[in-house]
Amino acid sequence: MLFLDTASQETVIPPEVAEALGYSVRDAGDITTVYSAVGKEHGYMLRVERFSALGFTLTDFDAHILDMPDRYDFHGLLGLSFLRRFNYEIRSREGRILVEPA
């Protein structure tokens, strides 16, 4: 499960999820540093062959690989690097997200 995070510039996946999909730090592009409320965190960018969310699939997608807090039960953040490719509407009261190609 990914949390939708419109404040995150990148889509974030924890290293253990990337590794379960067959990727490793050896496949990394740029090494990164992120400053968050938790502090300074190190990660890396990774181009994944295919990434699917909200009913859409992108190929050759860049994801930010970064450790996530253990206290939450989720597998990453769906950020603007994915979302900006679509028009979307969040209907919180209805519990729905409407998505269409841009």
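This is a predicted model: local features need pLDDT of at least 70, side-chain atom pairs count only at pLDDT 80 or more; totals for chains, interfaces and linings use all residues.
User: Why is the pair formed by the rings of Phe-51 and Phe-82 called edge-to-face?

Analyst: The ring centres of Phe-51 and Phe-82 are 5.6 Å apart, and a pair needs centres within 6.5 Å. The planes of the two rings stand at 65°, and over 60 degrees counts as edge-to-face. The pair is therefore edge-to-face.

User: What makes this a pair that ties together parts apart in sequence?

Analyst: Phe-51 belongs to strand S4 and Phe-82 to helix H2, so the contact joins parts that are 31 residues apart in sequence.

User: How do you know whether Phe-51 and Phe-82 are buried or exposed?

Analyst: Buried means under 20% relative accessible area. Phe-51 has 8% relative accessibility, so Phe-51 counts as buried. Phe-82 has 0%, so Phe-82 is buried as well.

User: What makes the aromatic pair of Phe-82 and Phe-86 stacked, tilted or edge-to-face?

Analyst: The angle between the planes of Phe-82 and Phe-86 is 35°. Stacked requires under 30 degrees and edge-to-face over 60, with the rest called tilted. The pair is tilted, at 5.1 Å centre to centre. Both Phe-82 and Phe-86 are buried.

User: How many aromatic pairs are there, and which residues form one aromatic cluster?

Analyst: The count comes to six aromatic pairs. The cluster consists of Phe-51, Phe-56, Phe-61, Phe-82 and Phe-86.

User: Which residues have the most contacts inside the largest nonpolar core, and what makes a set of residues a core?

Analyst: A nonpolar core is a set of buried nonpolar residues joined through side-chain atoms within 4.5 Å. The largest one has 17 residues, and the most contacts inside it belong to Leu-46, Val-48, Phe-51, Phe-61, Ile-65, Leu-78 and Phe-82. S4, S5 and helix H2 (80–83) each give two or more residues to this core. Its largest share, five residues, comes from S4. A second, separate core has five residues, including Val-12, Leu-66, Phe-74 and Leu-77.

User: Which residues does Leu-46 touch, not counting residues up to four places away in sequence?

Analyst: With those sequence neighbours left out, Leu-46 touches Ala-18, Tyr-23, Ser-24, Asp-27, Ala-28, Phe-61, Asp-62, Ala-63 and Ile-65.

User: Why is Ala-28 called partly exposed, and where does Ala-28 lie?

Analyst: Ala-28 has a relative accessible area of 24%. Buried requires under 20% and exposed over 50%, with partly exposed in between. Ala-28 is therefore partly exposed. Ala-28 sits in the loop between helix H1 (15–20) and S3. From Ala-28 to Leu-46 there are 18 residues in sequence but 5.0 Å in space, C-alpha to C-alpha. Not counting residues up to four places away in sequence, Ala-28 touches Tyr-44, Met-45 and Leu-46.

User: How do you know whether Ile-31 is buried or exposed?

Analyst: The relative accessibility of Ile-31 is 65%, and the cut-off for exposed is over 50%. Ile-31 therefore counts as exposed. Ile-31 is in strand S3. Ile-31 and Tyr-44 are 13 residues apart in sequence, with 4.3 Å between their C-alpha atoms. Ile-31 touches Gly-43 and Tyr-44, not counting residues up to four places away in sequence.

User: What is the phi of Leu-54, and how exposed is Leu-54?

Analyst: Leu-54 has a positive phi of about 55° although Leu-54 is not a glycine. Leu-54 is in the loop between S4 and S5. Its relative accessibility is 34%, so Leu-54 counts as partly exposed. Asp-60, in strand S5, also is not a glycine and has a positive phi of about 50°.

User: Which classes do the lining residues of the largest pocket divide into, and which residues lie nearest its centre?

Analyst: The lining of the largest pocket divides into 12 nonpolar, two polar and three charged residues. Nearest the centre are Ser-36, Glu-41, Met-68, Pro-69 and Leu-77, among 17 lining residues. The pocket holds about 340 Å³ of space. S3 gives the largest share of the lining, three residues.

User: Which residues line the second largest pocket?

Analyst: Its lining consists of Ile-13, Leu-21, Tyr-23, Val-48, Glu-49, Arg-50, Phe-51 and Ser-52. Strand S4 (residues 39–53) supplies the largest share, five residues. By class there are five nonpolar, one polar and two charged residues. About 170 Å³ of space lies in this pocket.

Technical notes:
Residues are numbered from 1 along each chain as its sequence is written. Side-chain values use heavy atoms; hydrogens and water are left out. On a 1 Å grid over the protein atoms alone, a cavity is a set of points where a 1.4 Å probe fits but cannot get out, and a pocket is an open set with protein on both sides within 12 Å along at least five of seven lines; lining residues have an atom within 4 Å of a point. Grid points are joined across faces, edges and corners, and a volume is the space filled by probe spheres set on the points. Helices (H or I, at least four residues) and strands (E, at least two) are DSSP runs, numbered from the N terminus. Ala, Val, Leu, Ile, Met, Phe, Trp, Tyr, Cys and Pro count as nonpolar, Asp, Glu, Lys and Arg as charged, and the others, Gly among them, as polar. Buried means under 20% relative accessible area, exposed over 50%, partly exposed in between (1.4 Å probe, protein chains only). Contact means heavy atoms within 4.5 Å.
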